Amino acid sequence: MSGVTLASLRNGKNLTQRELAEKLDVSLSAIAMYETGARIPSLKQAKKIASFFGKPVEAIIFGHSAHEMQAKQIGVAIDEQSATIEPE
């Protein structure tokens, strides 16, 4: 996982790795490996994570960089601080 990192999403909800693991019904080590990039969640697990955080699956799998690439293709800039899209 990258970009919109799982750690930043988790921290945004003030959850520990253990708490998130319990909520998603996965092991603590799986959460730790997803956060470090040592392991990639299955599509089924990525959907579960995306649903929990209210994010598209693409954000979980590809992170913010995928959204930046799409924005550049259509000629807009993403303001990361306010999460707004502005014409370039």
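Six helices and two strands make up the protein chain, where helices (H or I, at least four residues) and strands (E, at least two) are DSSP runs numbered from the N terminus. Read from the N terminus on, the elements follow the order α-α-α-α-α-α-β-β. This is a predicted model, in which local features need pLDDT of at least 70 and side-chain atom pairs count only at pLDDT 80 or more, while totals for chains, interfaces and linings use all residues. Residues are numbered from 1 along each chain as its sequence is written, and side-chain values use heavy atoms, with hydrogens and water left out.

Let us start with confidence. The pLDDT, the predictor's confidence in each residue from 0 to 100, averages 78 over the protein chain, and 66% of the residues score at least 70. Among the elements, H2 has the highest mean pLDDT (97) and strand S2 (residues 84-87) the lowest (45). Over residues 80-88 the pLDDT is below 50, and this stretch has 16 contacts in the model beyond near neighbours in sequence; contact means heavy atoms within 4.5 Å. Where pLDDT is low, the predicted coordinates should not be read in detail.

Now to the helix packing. Two packed helices are described by the angle between their axes and the distance between the axes. Here the axes are lines fitted to C-alpha atoms, for helices over the stretch in contact, and angles run from 0 to 180 degrees between N-to-C directions.

| Helix pair | Axes come within | Crossing angle |
|---|---|---|
| H2 (residues 17-24) and H3 (residues 28-36) | 8 Å | roughly 110° |
| H2 and H4 (residues 43-53) | 11 Å | roughly 110° |

The axes of H2 and H3 cross at roughly 110°, which makes H2 roughly perpendicular to H3; angles under 35 degrees count as roughly parallel, over 145 as roughly antiparallel, 65 to 115 as roughly perpendicular and the rest as oblique. On the H2 side, Gln17, Arg18, Leu20, Ala21 and Leu24 meet Leu28, Ile31, Ala32 and Glu35 in H3. By class, that contact has six nonpolar, one polar and two charged residues. For these classes, Ala, Val, Leu, Ile, Met, Phe, Trp, Tyr, Cys and Pro count as nonpolar, Asp, Glu, Lys and Arg as charged, and the others, Gly among them, as polar.

The axes of H2 and H4 come within 11 Å, and these two helices are likewise roughly perpendicular to each other. Leu20, Lys23 and Leu24 of H2 make the contact with Gln45, Lys48, Ile49, Phe52 and Phe53 of H4. Its residues divide into five nonpolar, one polar and two charged.

Glu35 lies in helix H3 and counts as buried at 19% relative accessibility; buried means under 20% relative accessible area, exposed over 50%, and partly exposed in between (1.4 Å probe, protein chains only). Leaving aside neighbours within four places in sequence, Glu35 is in contact with Leu6, Ala7, Arg10 and Gln17. Across the protein chain, 31% of the 88 residues count as buried.

Lys13 sits in the loop between helix H1 (6-12) and H2 and is partly exposed, with a relative accessible area of 43%. The C-alpha atoms of Lys13 and Phe53 are separated by 8.8 Å, although the two are 40 residues apart along the chain. Gly12, in helix H1, counts as exposed at 61% relative accessibility.
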